[in-house]
Amino acid sequence: MNKALFLDRDGIINIDHGYVYRQEDFEFVEGIFELCKAAQRLGYIIIVITNQSGIGRGRYTEEDFHQLTHWMKQQFTHQGVHITDVYFCPHHPTKAKGNYLTSCECRKPNPGMVLSAAKEHKIDVKQSIFVGDKISDMQAAEAAGIHNRVLVASHYDDHKQVEAQRIAKLSDAIAFVD
Ligand SMILES: O=P(O)(O)OC[C@@H](O)[C@H]1O[C@@H](OP(=O)(O)O)[C@@H](O)[C@@H](O)[C@@H]1O
Ligand SMILES: [Mg+2]
Ligand SMILES: [Zn+2]
């Protein structure tokens, strides 16, 4: 069984400027490469779990997302970090168009993407860690059975009750990877 570092994307890997889909708007968060390198050294595989309702909302296309993802993975490769897989949810239950308008199992706070990743990559969730910036990340992680949950402070934190280890900035997450 593998253990994984699950990473949210917007707000954790890159600064969440709102529905980012172009390289020029993709700004890496300070400390992300160091966090990934530390996790890799300890034997974690790295999986990205991201809601991309911008696709369903018609702001950008799946092709735009895949192009940006390809580029993002290259940047990690240049830093010596291998991203094993990227899971995304293009849906939204009320704001999306056409077939994207659905209450799916993959959109966080639902655990669908984490569960698919666990199955496809033989991941033991109990040995894994999820780092996110929204309560919905922590809810998805909890529902998937991940105990080691780290919530990085962001303007999204509405201080709802959620069991997570709260940290001020991404670089503090390294302490929870062991
Ligand atoms: O943080 P992750 O899961 O990687 O991605 C979140 C994004 O898809 C977007 O999610 C949106 O929320 P809604 O999807 O509209 O609720 C907003 O928060 C956007 O600012 C944000 O860019
Ligand atoms: Mg986020
Ligand atoms: Zn979905």
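This report covers the fold, cores, backbone features and selected residues of a predicted protein model.

## Basis of the model

The model is predicted: local features need pLDDT of at least 70, side-chain atom pairs count only at pLDDT 80 or more, and totals for chains, interfaces and linings use all residues. Residues are numbered from 1 along each chain as its sequence is written, chains are lettered from A and ligands numbered from 1 in the order in which they are written, and side-chain values use heavy atoms, with hydrogens and water left out.

## Fold and overall shape

The protein has 5 helices and 6 strands. Helices (H or I, at least four residues) and strands (E, at least two) are DSSP runs, numbered from the N terminus. Their order from the N terminus is β-α-β-α-α-β-α-β-α-β-β. The radius of gyration is 15 Å, close to the 16 Å that the globule rule gives for 178 residues, so the protein is as compact as a globular protein of that length. That radius is taken over C-alpha atoms, and the rule is 2.2 Å times the number of residues to the power 0.38. Along the principal axes, the C-alpha atoms fill a box of roughly 45 × 35 × 35 Å.

Contact means heavy atoms within 4.5 Å. Of the contacts with a separation of 6 or more, 62% join residues 24 or more positions apart.

## Surface and charge

Buried residues make up 51% of the 178 residues. Buried means under 20% relative accessible area, exposed over 50%, and partly exposed in between (1.4 Å probe, protein chains only). The protein exposes about 8700 Å², and carbon and sulfur atoms supply 48% of that area. Accessible areas come from the Shrake-Rupley method with a 1.4 Å probe; for residues, only the protein chains shown count as cover.

There are 20 positive and 23 negative charges, and their mean positions are 3 Å apart. Lys and Arg count as positive, Asp and Glu as negative; His and the chain ends are not counted. Each charge is placed at NZ of Lys, CZ of Arg, CG of Asp or CD of Glu.

## Nonpolar cores

A nonpolar core is a set of buried Ala, Val, Leu, Ile, Met, Phe, Trp, Tyr and Cys residues joined through side-chain atoms within 4.5 Å. The largest has 34 residues; Leu5, Leu7, Ile32, Phe76 and Val131 have the most contacts inside it. Two or more residues come from each of strand E1 (3-7), helix H1 (32-41), strand E2 (44-51), helix H3 (62-78), strand E3 (83-89), strand E4 (129-132) and strand E5 (148-152). Another core, of 23 residues, lies apart from it; Ile47, Ala117, Val125 and Ile146 are among its members.

## Helix H1 and Leu35

Ile32, Phe33, Leu35, Cys36, Ala38 and Ala39 are buried in H1. The buried residues of this helix pack against E1, E2 and H3. Gly43 follows H1 and has a positive phi, near 95°.

Leu35 is buried, with a relative accessible area of 1%. Leaving aside neighbours within four places, Leu35 contacts Leu5, Leu7, Leu170, Ala173, Ile174 and Val177.

Asp10 lies in the loop between E1 and H1. Asp10 is buried, at 11% relative accessible area. Outside four places in sequence, Asp10 is in contact with Asp16, Val20, Thr50, Gln52 and Asp133.

Met72 sits in helix H3. This residue is buried too, at 1% relative accessible area. Not counting residues up to four places away, Met72 touches Arg9, Ile13, Phe26, Phe28, Val48 and Val86.

## Backbone exceptions

Most residues other than glycine have a negative phi, and most peptide bonds are trans. A cis peptide bond joins Lys108 and Pro109, with omega about 20°. Pro109 is in the loop between E3 and helix H4 (112-120).

Tyr19 has a positive phi, near 50°. Tyr19 is in the loop between E1 and H1 and is partly exposed, at 30% relative accessibility. Lys122 also has a positive phi, near 50°. Lys122 lies in the loop between H4 and E4 and is exposed, with a relative accessible area of 56%.
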